[in-house]
Amino acid sequence: MRKALNLTEGIFPMPVLMVATYNEDGSVDVMNAAWGTMQERGYVALNLTETHKTVQNIKRNKAFTVSIADAAHTTEADYFGIVSGNKESRKFEKSGLTATRSDTVNAPIINEFPLCLECEFIEYQDNAYGCGVIGKVICITADEKVMVGDKIDMSLVNAIAFDPYTHGYYRVSERVGEAFKDGLKLK
């Protein structure tokens, strides 16, 4: 038997994405965004409203980075979602994390998050169904500690996902199958 639930975002897992930009004064700004995905190979779509300081920065700088939040930094990731850059100018500094300037776009890479997409701003879409920021991925960088040879090992990334039903964070780290292979057993 199934039971009807209250309307919510309703998709699990939702990624915990750290979107980073530079403020007008050159300081680092980071926000937590669960509503984001790859639009197609090489392009990201972030469903963010223009009221976010981060969106204003993206439009001005024409660049941003998207990092995958990890279990070791859940507190900091949550903080970036709780505190608005419009109200707290020292938000990033208070987190205790560090950043490095991207070599490819005018945006910061948060050093502590192991996987980062460096993006060029393409456009802001504002329509009845949302969508927000569209960016072209220019470069993807990963900390060597999450690499096995020349490939990322997602179990080492220790990514976290957001649960919109209970407002929890969950570790996403165990590989349970082989994409484009396991289903062939049913063919």
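Strand 2 and strand 3 form a hairpin with 5 residues between them, and Gly26 in the turn has a positive phi of about 90°. The model is predicted, with local features needing pLDDT of at least 70, side-chain atom pairs pLDDT 80 or more, and totals for chains, interfaces and linings using all residues. Residues are numbered from 1 along each chain as its sequence is written, and side-chain values use heavy atoms, without hydrogens and water.

**Exercise 1.** Find which strands pair with strand 2, and in what sense.

Solution. Strands are DSSP runs (E, at least two residues), numbered from the N terminus, and two of them pair if DSSP finds at least two bridges between them.
- Step 1: strand 3 pairs with strand 2 in the antiparallel sense over 6 bridges, and Val19 has Met31 as bridge partner.

**Exercise 2.** Decide whether strand 2 is enclosed or open.

Solution. 
- Step 2: 6 of the 6 residues of strand 2 (residues 17-22) are buried, so the strand is largely enclosed by the rest of the structure.

Key:
Buried means under 20% relative accessible area, exposed over 50%, partly exposed in between (1.4 Å probe, protein chains only). Helices (H or I, at least four residues) and strands (E, at least two) are DSSP runs, numbered from the N terminus.
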